[in-house]
Amino acid sequence: MDIFSITLVSSLVILLVFLATTDKGRRGLQLALRSLWLHKLRSFLSMLGIIIGTSAVIILMAFGEGSERDVLEDIKRLGTTNIIIRSVKPTDDANTNRRQMVATYGLTYQDLEILKTIPSITRLVPMRIFPQETRRGARAHNSRVVATVPRYAEVNELTLLDGRFIVEEDDERMNNVCVLGLETAKTLFPFEEALGSSVKLGEFVYVVVGLLAERMPTGGTGGSQAAEDFNQDIYIPLQTARGRFGERITMRAAGSRSAEKVEMHQITVTIEDVDKVRPTGEIVRAILSDPERHPRQDWALTVPLDRLELVERTKANIRQSLGIYASISLLVGGIGIMNVMLATVTERTREVGIRRALGARRSDITFQFLIETMVQTGIGGLLGVGFGVSYVFAHAALKALPMAAMLFQDGSPSPILHLPSITWSLSTAVGVGVIFGIYPALRAAYMDPIEALRHV
Amino acid sequence: MPEVLRIENLHKRYSVESTAVHALKGVNLVVHQGDFVALMGPSGSGKSTLLNVLGCLDRPTEGSYHLGGEDVSKMTDDQLSSIRSRYLGFIFQQYNLLPQYTVVENIEIPLIYQGVRLNADSRDRCIGLAELVGLGQRLDHRPMQLSGGQQQRVAIARSLVNRPQLILADEPTGNLDTKTSHEIMVMLSRLNASGKTIVMVTHENDIASWSRRIVRMRDGEVESDLPNTPEPIDFSGPPLPMHLLEEAA
């Protein structure tokens, strides 16, 4: 908690203690509640602005928290000490004369060897990724072939359901072994035991040595980082892929054919220390930017840590704009309450006169009306918090309703209650009561008691 | 008898829509403890202005006003509030009870502004005063549920709760019928007989005849100040509970 909210909350607590323990405070509170109860509808309507304001703050903050958590989990899945380099099909291929039957681009084995010389890099996981049909008897599955090295399992923290992942020996000997993602296994082996069976991939047959547990897909965030669904994967050793498929991969999809020659689709680089991630990223970028090595921009670099910073910045932006929305709605709410209080003061002019005649000081009158506004905004704030919090908890249920699909996008974040927002909005609501209550209260206090007594 | 209030050469000027009004032109008045003064005069004679000054709701432009030995003519607003809550009891023509409060709560109000801590004792005292004015059965009623006479009796009880040195009554029977007026006047006379000092504004001779002294005003000046002998009243019935009316010794 920051100093601002501590101040707000402690002044709120002091106020409450004062109201609850002193005679004057209790009287004022009782009187305020009673006169609000006397005009239930009016009080509710004037509170509405505050109710909407506070509940909006709570709900928006909860959504902010939810989307932040989603992004953070995404980044965590990618790994904060990792740098991801991908091969990207250059844009000029599609519309220049240099159009070829076989698209050649991307990272090379040479790149990999150079990267290995950077001392701060502790781990390099190269990958080739291409779609290919996997067959098991009559059953076929459009899988994503991931040809990689054993360390892939460490980088991605894979959980095995059964069997083992690819080992060094598989890679060295170009063994025809594979590990299946959950969906791939389900499609190809709906009834049989998958482990130890064989599947056909391209021209060759591979023995299933391991099965992966379900993996959360990463969200696509545009740029080079597309969404990935790991459950459709089939993993084979990198050298096996090189030997069996060659560098040139032909893909058939819906009657059309395309071929590409890509040595390596992705290299995930792990850096020894979080502090060295960014400098190492710059070095890698410098190496790959060498025009002799890559004349065209056929690679892309993703540093998940950068996205973490982006999240922090976005969060600050969200907070700021929320602050503005909240201030506007609370301002409007406050003006509404001031309006009603001014009417109330006029209506109760005679009461003010009577109280003054019976010995009330100006400060007593000010206090009385100020407490009333504060109680009003405080109750409004509580109702707003109640509504906001219940919405946050009811969100999942609402989302499940049949018509809800029209309102909620698929994959939109679920709200998570942001506790400090409760105290902020509540104390701000009471603060609004003080600010907008002072003028009507002073107006009541500075009436001429004689005039006030004559008021009908 | 000691003096309760002393007014010397009191002037009050104010302007209404840029017309200067000289409402009081050098009023002198001394009221002793136990007095029952009826303040009479046609409208515009300055009697209401004088009552406002006496009630510390208004400050004189000129002259001095001593209440219970203190010069209140130069006091600040807060000091006047304090004087009102300690020395004065008000009875109005319009009763002026607070509609959202019960009988007992209405009687309590002056105590709140005295800074007295409300407790079982003060509550008992308020109930005692409600019984004194004959409303012991209606403690939890709201003003709207009471007749005019009953409301005025609550107002009388309220004016007694702070054991005031002076009770100011502004046309206390102005809204009441003859029979109820009579009841109210009997009550005020009994309070006076038990030692309470009362200054009452009225324009009815019948009502003024209950007092012991009649001050007539005209054009902002005291026209006459004459003693009056009220009709003897039948004081039968239980004696007033003095502990509710006087400071504990």
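For the packing entries I took axes as lines fitted to C-alpha atoms, for helices over the stretch in contact, with angles running from 0 to 180 degrees between N-to-C directions. Helices (H or I, at least four residues) and strands (E, at least two) are DSSP runs numbered from the N terminus. I note that this is a predicted model, in which local features need pLDDT of at least 70 and side-chain atom pairs count only at pLDDT 80 or more, while totals for chains, interfaces and linings use all residues. Residues are numbered from 1 along each chain as its sequence is written, and chains are lettered from A and ligands numbered from 1 in the order in which they are written.

I looked up helix 1 (residues 3-21) and helix 2 (residues 23-38) of chain A, which pack at about 95° with their axes 5 Å apart. The contact (C-beta atoms, placed from the backbone, within 7 Å) involves Phe18(A), Leu19(A), Ala20(A) and Thr21(A) on helix 1 of chain A, and Gly25(A), Arg26(A) and Leu29(A) on helix 2 of chain A.

I then turned to chain B, where six strands form an open sheet of mixed pairing in the order 6-7-8-3-9-10; strands pair if DSSP finds at least two bridges between them. Strand 6 (88-91) and strand 10 (221-227) of chain B are at the edges, each with a single partner strand, so one side of each has no neighbour in the sheet. Neighbouring strands of this sheet are turned by 20° against each other on average, direction ignored. Strand 7 (residues 166-170) and strand 8 (residues 198-201) of chain B run parallel and are joined by four bridges, and I found Asp170(B) opposite Val201(B) of strand 8 of chain B.

Technical notes: Contact = placed C-beta atoms within 7 Å.
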